[in-house]
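The sequence and the coordinates are shown first, and the description follows.

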Amino acid sequence: MSESATDPREFRGYRRADGRVGVRNYVAVVPVSVTASAIAKAVAAEAGTGVRALPHQMPLSPNGAARTQIETVLEGVGANPNVAGALYVALGTEDIAAEELADAVAATGKPVETLAIREAGGTEGAVERGVDLAESLRETASEARRETADTSELVVAMECGGSDATSGLVANPVVGDACDRIVEAGGTGVISETPEFIGAEHILAERCVDDAVREKLLARVDRRERMADLMGVDFRGAQPSPGNQAGGLTTIEEKSLGAIAKGGTTPLRDVITYGNRLPVGGGFVVMDSPGYDVESVSGKVAGGAQVVVFTTGRGSTTGNPIAPVIKVTGNPKTYERMHENMDVDASRVLEGESVRSVGGTLFDRIHDVADGTLTAAERHGMAEFAINDLPANEVATLGDPT
Amino acid sequence: MKGETIDDAAIRMAPEDNVVTALEDLPAGRTFDVDGETVTLAEPVEFGHKFALVSLEPGDTVRKYGEAVGTATEPVAAGEWVHTHNVVSRRGQPGDRGGDSDGAEGEA
């Protein structure tokens, strides 16, 4: 495939003060810990249109490495260019300070507020005050206007979940083709789910631009493989998952070889730590993440991905609170059975259409969605969010990955 | 598609692969002409599942995508279903790590 075989395509997005371009214009209501998650959900539900909650399960006092990772993700989602303004909600006794998160996000040039449930007089007072703050942030957000942007400003996250044999045969190669096109047009394509590189890491390693990136990649894969030892888990029981196995995937190597096809064929330019900032105009990069799809997507969105492309063979309905998720399936039965949850039918490849052709369809769909077209997950209000935890024993044995 | 379809009902992802993937639910007795040989399915093979093109001995490498995807754990005849009952991963087992991440696992 020649360099620049794909020209950038224009779309209209929200250019933020830090230069990044959003494809949605949300107010994000972000709880600092699990104790504020219910309040965040209540605030978003009552404030309504354009206000999105990001509830999660993280505790009041996480260990040091876990705390760093949680802070990175909480700051990252507020800073994501799909977010016009953010409200951080805390109980008020968390180790993580809502004000510090708010200051860091405010430094990107967007309005940010904080709310402490204890200071607001409890649940009812907090919801009332939170709705006022969210409505005020939405008023500011409503002044934003879409303006011309192009592919080179997109950071597109590639993900798979509920994989079966068609994921590796069809859907992931289609996504890989679209990833190549995004990169050729000057944008960023990112894959993650590091456990799903096991058995295929030699192929990604050959694509690394230099030894430093290669060493980082292999160290991250090795760490994920060592977690099997640490947990006394035999990957043969959990990877591929029972669902994957029912779909015909036999070993982690087979799953991985199919999974990395999502990353296309261009050079691997960098390996980013979970939830950290992804480069704009950065080519093809990897984020180190767990295999759990909701945590993996959340990490890439915290890194600034504006659009997610998600392949599923057996059928997944998942979305994200602040980023559109485009569903691609290579399984014709799944496309038929779960039509309302699917965006792109990659099973056309099984009927003879080329991967290149369906990849082009997906590339166009990514830009239509960036332009404002809703995805199936958005139409159905699917909005999962979860932060990867770092158990203390894992950090003690394998080191601090942050 | 990258691979080569066989009678529109199975796909071989690389020429050196010794297993292929069913593209529909295949009944026992179905025959495929592959490389001048006739492979007859010994049992039904579901959509997305694999069958062997050649006979495999315990310890033989199972290849898909032109890469090693596992090791046979028992004798497998051409035309038999290939899955977790007769193939095991070479990676990710406690105390039995592949570890060697420099490509040795791939062999191809």
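What is the handedness of the crossing of H2(A) and H3(A)? The crossing of these two helices is right-handed, where a crossing counts as left-handed if the near helix is turned anticlockwise from the far one by less than a right angle, and as right-handed if clockwise.

## Basis of the description

This is a predicted model, in which local features need pLDDT of at least 70 and side-chain atom pairs count only at pLDDT 80 or more, while totals for chains, interfaces and linings use all residues. Residues are numbered from 1 along each chain as its sequence is written, and chains are lettered from A and ligands numbered from 1 in the order in which they are written.

## Domains of chain A

Chain A is divided into domain 1 (26-143) and domain 2 (149-379), with bounds that come from an automatic or database domain assignment. The C-alpha centres of domain 1 of chain A and domain 2 of chain A lie 28 Å apart. Their contact takes 14 residues from domain 1 of chain A and 13 residues from domain 2 of chain A, two residues being in contact if their C-beta atoms, placed from the backbone, lie within 7 Å.

On the side of domain 1 of chain A that touches domain 2 of chain A, strand E3 (26-31), strand E4 (51-53) and helix H2 (64-79) of chain A each supply at least two residues; helices (H or I, at least four residues) and strands (E, at least two) are DSSP runs, numbered from the N terminus. H2(A) gives the most to this side, with 5 residues. By class, this side of domain 1 of chain A has 8 nonpolar, 5 polar and 1 charged residues, where Ala, Val, Leu, Ile, Met, Phe, Trp, Tyr, Cys and Pro count as nonpolar, Asp, Glu, Lys and Arg as charged, and the others, Gly among them, as polar.

## Helix packing around H2(A)

The axes of H2(A) and helix H3 (residues 98-106) of chain A come within 9 Å and cross at roughly 40°; axes are lines fitted to C-alpha atoms, for helices over the stretch in contact, and angles run from 0 to 180 degrees between N-to-C directions. H2(A) and H3(A) are therefore oblique to each other, since angles under 35 degrees count as roughly parallel, over 145 as roughly antiparallel, 65 to 115 as roughly perpendicular and the rest as oblique. The contact is made by A:Glu71, A:Leu74, A:Glu75, A:Gly78 and A:Ala79 of H2(A) and A:Leu101, A:Ala104 and A:Val105 of H3(A), a set that divides into 5 nonpolar, 1 polar and 2 charged residues.

H2(A) also packs with H11(A), their axes coming within 7 Å and crossing at roughly 60°, which makes H2(A) oblique to H11(A). Here A:Thr72, A:Val73, A:Gly76 and A:Val77 of H2(A) meet A:Ser298, A:Gly299, A:Val301 and A:Ala302 of H11(A), and the residues of this contact divide into 4 nonpolar, 4 polar and no charged.

## Helices H1(A) and H4(A)

Helix H1 (residues 37-47) and helix H4 (residues 123-141) of chain A pack at an angle of about 50°, with their axes 9 Å apart, and H1(A) is therefore oblique to H4(A). The crossing of H1(A) and H4(A) is right-handed. Among the residues that meet there are A:Ile39 and A:Val43 in H1(A) and A:Val127 and A:Val131 in H4(A); the residues of the contact divide into 8 nonpolar, 2 polar and 3 charged.

## The parallel sheet of chain A

An open sheet of 7 strands in chain A has the order E10-E11-E9-E8-E12-E13-E14, with parallel pairing; two strands pair if DSSP finds at least two bridges between them. Strand E10 (268-272) and strand E14 (344-345) of chain A stand at the edges, each with a single partner strand, so one side of each is left without a neighbour in the sheet. Strand E13 (residues 325-329) of chain A and E14(A) pair in the parallel sense over 2 bridges, and A:Val328 stands opposite A:Val344 in E14(A).

## The antiparallel sheet of chain B

In chain B, 5 strands form an open sheet in the order E1-E2-E3-E6-E9, and the pairing is antiparallel. Strand E3 (residues 19-22) and strand E6 (residues 50-52) of chain B pair in the antiparallel sense over 3 bridges, with B:Thr21 opposite B:Lys50 in E6(B).
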